[in-house]
Amino acid sequence: MDSIEKLKKMFEPVLSECSVQLYELKWLGGKDKTLQVSIMKDDGTMDLDTCAEVSEKLGEVLDREDPISAEYTLEVCSPGAEREIHNLDELDHMIGEYVFVKLKNPVGKVQELTGEIVGSQDGLVTVSYRDKALTRKCEFSKDDIEFIRLAVRI
């Protein structure tokens with residue numbers, strides 16, 4: 001398929017104009033290809049009107065530049081309520097967010113936890129989580145994170 005990096009550069013002016021950031025750009029599907037463009041506002045939110053506006057403007061750019069030779073569908077969407085956190089530096093600004101974390105190495109007996117970020121600085125993250133009837137805190141290095149995503153609090 002066509003170069004994702006080339007498409008990212010092509011989309012930058014539209015994303016900037018619409019005050020959104022690119023979360024992820026990828027190809028989906030087997031025979032019927034879909035170019036999925038996941039976007040979000042600086043505060044991590046997204047709404048349907050913004051997705052529609054960005055979709056229309058990206059469609060115009062793609063029609064004008066015609067960088068993709070095969071048939072495809074363009075899909076502009078939100079990364080979702082449980083989006084993976086790709087850039088761990090984001091954690092420094094996510095105090096109060098509810099997350100699921102899988103660690104490369106256990107901290108004590110904890111290797112996976114779901115809880116609230118209560119601190120993140122100097123490469124260390126602290127998450128407050130429930131362990132049966134108790135509230136505990138777990139501190140770990142960003143380097144020790146194997147996977148982290150937002151979680152929905154129930």
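Me: Before that, what kind of model is it, and how are residues numbered?

Reply: This is a predicted model, in which local features need pLDDT of at least 70, side-chain atom pairs count only at pLDDT 80 or more, and totals for chains, interfaces and linings use all residues. Residues are numbered from 1 along each chain as its sequence is written, and side-chain values use heavy atoms, with hydrogens and water left out.

Me: Which strands form the three-stranded open sheet, and in what order?

Reply: The order is S1-S2-S3, with mixed pairing. Helices (H or I, at least four residues) and strands (E, at least two) are DSSP runs, numbered from the N terminus. Two strands pair if DSSP finds at least two bridges between them. S1 and strand S3 (72-77) are the edge strands, each pairing on one side only. Neighbouring strands are turned by 15° against each other on average, direction ignored; axes are lines fitted to C-alpha atoms, for helices over the stretch in contact, and angles run from 0 to 180 degrees between N-to-C directions.

Me: How many bridges join S1 and S2, and how many join S2 and S3?

Reply: S1 and S2 are antiparallel over seven bridges, while S2 and S3 are parallel over six bridges. Glu24 stands opposite Ser38 in S2, and Ser38 has Cys77 in S3 as a bridge partner. Trp27 has Leu35 in S2 as its bridge partner.

Me: What about the hairpin of S1 and S2?

Reply: Four residues lie between the strands, and Gly29 takes a positive phi near 95°.

Me: Is S2 mostly covered or mostly open?

Reply: S2 is mostly covered, with seven of its eight residues buried. Buried means under 20% relative accessible area, exposed over 50%, and partly exposed in between (1.4 Å probe, protein chains only).

Me: Now H2. Where are its buried residues?

Reply: Thr50, Cys51, Val54, Leu58, Gly59, Val61 and Leu62 are buried in H2. Seen down the helix axis, the buried residues of H2 fall within an arc of 165°, so they line one face; the arc is that of the directions from the helix axis to the C-beta atoms. Those buried residues pack against H1, S2 and S3, where contact means heavy atoms within 4.5 Å. On the other side of H2, Asp49, Glu56, Asp63 and Arg64 are exposed.

Me: Which residues have the most contacts inside the largest nonpolar core?

Reply: They are Leu7, Phe11, Leu35, Val37, Ile39 and Val54, in a core of 20 residues. A nonpolar core is a set of buried Ala, Val, Leu, Ile, Met, Phe, Trp, Tyr and Cys residues joined through side-chain atoms within 4.5 Å. Helix H1 (4-17), strand S1 (21-28), strand S2 (33-40) and helix H2 (48-65) each give two or more residues to this core. A second, separate core of 17 residues includes Val99, Leu113, Tyr129 and Phe140.

Me: What does Val37 touch?

Reply: Not counting residues up to four places away in sequence, Val37 touches Phe11, Leu22, Glu24, Leu25, Leu58, Leu74, Glu75, Val76 and Cys77.

Me: And the five-stranded sheet, in what order does it run?

Reply: This open sheet has the order S7-S6-S5-S4-S8, with antiparallel pairing. Strand S7 (134-141) and strand S8 (145-150) each have a single partner strand, so one side of each is left without a neighbour in the sheet. Neighbouring strands here are turned by 40° against each other on average, direction ignored.

Me: How is S4 joined to S8?

Reply: Five bridges join strand S4 (residues 98-107) to S8, the two running antiparallel. Val101 stands opposite Ile148 in S8.
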